[in-house]
Amino acid sequence: MEEDKKDENEKTKRAFLGIWFDCCHTYGRLYKNKDGTAYVGRCPSCLRPVRVRIGGEGTSRRFFRGE
Ligand SMILES: [Zn+2]
């Protein structure tokens, strides 16, 4: 299976945010949604959805804790 990685990188940049999930004490990643308004993802352990808004307070932080 071939993935169109170049194209994808140029268009979406695959921006992600490292996050610590307090629920399971594990580290994971959130990816930017297509509108660029939030980072969304799931805890890799319990699959609980997590969302971190982009814009306003907190955007400059590179590391978030799941709430
Ligand atoms: Zn969890």
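The model is a predicted one.

The protein contains one helix and five strands. Read from the N terminus, its elements follow the order α-β-β-β-β-β. Of the 67 residues in the protein, 12% are buried. Where contacts link residues at least 6 apart in sequence, 22% of them join residues at least 24 apart.

Attention now turns to one pair of strands. Strand 3 covers residues 38-42 and runs antiparallel to strand 4, to which five bridges join it. Strand 4 itself spans residues 49-53.

Within strand 4 lies Arg-51. Which residues does Arg-51 touch, once those up to four places away in sequence are left out? They are Ala-38 and Val-40. As for Val-40, 11 residues separate it from Arg-51 along the chain, yet the C-alpha atoms of the two are 4.4 Å apart.

Why does Arg-51 count as partly exposed? The classification rests on the number of C-beta neighbours inside 10 Å: Arg-51 has 13 of them, and it is therefore partly exposed. A residue is called exposed at 12 or fewer such neighbours and buried at 20 or more.

Terms used
Residues numbered from 1 in each chain as written. Predicted model: local features only at pLDDT ≥ 70, side-chain atom pairs only at ≥ 80, totals over all residues. Helix = DSSP H or I, 4+ residues; strand = E, 2+ residues; numbered from the N terminus. Contact = placed C-beta atoms within 7 Å. Pairing = 2+ DSSP bridges.
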